[in-house]
Amino acid sequence: MENKKVVVITGASRGIGKAIAQKFLSEGFCVVGISRSRPKCQLSFHIQADIKNEEDRKEIISKVISEFGRIDVLVNNAGVGIYDTWEDMDLGHLREIFEVDFFAPVHLTKLALPYIKKSKGTIINVSSAAGELRVPFESGYTAAKHAFHAFSETLRMEVDNYNINVITVTAGNIKTGFTLSAKGSKHPPLLPFAGKRKELADEIYKAYVKGKKKVIYPSWYKVFIFYSKLFPKGYEKIIMKIWERSFEKREDKINAQKKEHVFSSSSSVVPVKRTDRVE
Ligand SMILES: NC(=O)c1ccc[n+]([C@@H]2O[C@H](COP(=O)([O-])OP(=O)(O)OC[C@H]3O[C@@H](n4cnc5c(N)ncnc54)[C@H](OP(=O)(O)O)[C@@H]3O)[C@@H](O)[C@H]2O)c1
């Protein structure tokens, strides 16, 4: 372990974080994963922590330093979603989302910065297309990711003098269990052409090696983001139509199931599965 570069990844237990961890491990790095649950993959070291807690965040950095003495890469990846109308939004949930998606990575970055300065390392912030687009029924998540995105892009300018690179990752729809663990009831439709975690991890690693500043994956999101800025009204119409149509379809499915239940004598109601991307 002694000569290996140390990568700290939040949310490495599954999904995108797990894929990033596997990529860095396969390239010979020492990978420290952070999550509340036990990781479903091999890591060099795992720290069980809830990044919502300030004490846990301090503990993470002090444990990494006492074990390995350095931090070369910090990957702020852990995140949670919330899907609801603004009207129905639970403010407690919203605060929780901001804690995980914004305050935790911002504070971890602050704590890790002295060590990343020493190593002239890299900070990788896994943001979302929701950090660049306006997504209906995701106002809470969109607001948190916009804040995180802005933090990431601003931080880069400030730490450039220390030879630290900051990579902002704009991830589009990726196949993971993310929406299943999200709060709220207005879950988004399953968009076509979802990206693959492994491909995203490869793109992130490539950007790290080449010192790039941004990753947008799947790449067709570049067009979507550009279109949303150039034609804001057209974009709003399209995105509302897609989302509302998917809610209608879900409602039809529920009604059909209810009808089936009434007419079948023996069956018990099977809850309609949310359209989701599952690991
Ligand atoms: N999947 C997508 O379509 C998509 C699209 C755009 C952006 N993203 C972003 O990509 C990142 C990863 O998402 P994913 O799709 O891989 O989600 P995921 O499969 O649900 O994984 C989330 C990870 O975050 C960890 N985590 C959540 N809350 C935590 C907490 N309080 N403390 C410590 N760890 C916590 C989870 O571990 P534990 O539950 O064990 O703690 C898990 O390892 C997120 O920031 C998300 O916003 C995802």
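Two strands are taken to pair if DSSP finds at least two bridges between them. On this basis, the predicted model contains an open sheet of seven strands, arranged in the order β3-β2-β1-β4-β6-β7-β9 with parallel pairing. Strands β3 (45-48) and β9 (214-217) stand at the edges, each having a single partner strand, so that one side of each is left without a neighbour in the sheet. On average, and with direction ignored, neighbouring strands of this sheet are turned by 15 degrees against each other. Within the sheet, strand β4 (residues 73-76) and strand β6 (residues 122-128) run parallel and are joined by four bridges, and Leu 74 is found opposite Ile 123 in β6.

Helices pack on this sheet. Helix α1 (residues 15-26) touches β1 (6-10), β2 (30-35), β4, β6 and β7 (165-171), and its direction makes about 170 degrees with that of β1. Helix α5 (residues 197-210) lies across β4, β6, β7 and β9, and runs at about 160 degrees to β9.

Helix α3 takes part in two helix pairs, described here in turn. In one of them, the axes of helix α2 (residues 54-68) and helix α3 (residues 91-119) come within 10 Å and cross at roughly 30 degrees; since angles under 35 degrees count as roughly parallel, α2 and α3 are therefore roughly parallel to each other. The crossing in which α2 passes α3 is right-handed. On the α2 side the contact is formed by Glu 54, Arg 57, Lys 58, Ile 60, Ile 61 and Ile 65, and on the α3 side by Ala 104, His 107, Leu 108, Leu 111, Ala 112 and Tyr 115. Sorted by class, the residues in the contact of α2 with α3 are eight nonpolar, one polar and three charged.

In the other pair, α3 packs with helix α4 (residues 139-159) at an angle of about 10 degrees, the axes being 8 Å apart, and α3 and α4 are therefore likewise roughly parallel to each other. Here α3 contributes Leu 94, Ile 97, Phe 98, Asp 101, Phe 102, Pro 105, Val 106 and Thr 109, whereas α4 contributes Gly 140, Tyr 141, Ala 144, Lys 145, Ala 147, Phe 148, Phe 151 and Leu 155. By class, this contact of α3 with α4 has 12 nonpolar, two polar and two charged residues.

Overall, the secondary structure of the chain comes to seven helices and nine strands. The radius of gyration is 20 Å, close to the 19 Å given by the globule rule for 279 residues, so the chain is as compact as a globular protein of that length. Along its principal axes, the C-alpha trace spans about 70 × 50 × 35 Å.

Key. Residues are numbered from 1 along each chain as its sequence is written. This is a predicted model: local features need pLDDT of at least 70, side-chain atom pairs count only at pLDDT 80 or more; totals for chains, interfaces and linings use all residues. Axes are lines fitted to C-alpha atoms, for helices over the stretch in contact, and angles run from 0 to 180 degrees between N-to-C directions. Angles under 35 degrees count as roughly parallel, over 145 as roughly antiparallel, 65 to 115 as roughly perpendicular and the rest as oblique. A crossing is left-handed if the near helix is turned anticlockwise from the far one by less than a right angle, and right-handed if clockwise. Two residues are in contact if their C-beta atoms, placed from the backbone, lie within 7 Å. Ala, Val, Leu, Ile, Met, Phe, Trp, Tyr, Cys and Pro count as nonpolar, Asp, Glu, Lys and Arg as charged, and the others, Gly among them, as polar. The radius of gyration is taken over C-alpha atoms; the globule rule is 2.2 Å times the number of residues to the power 0.38.
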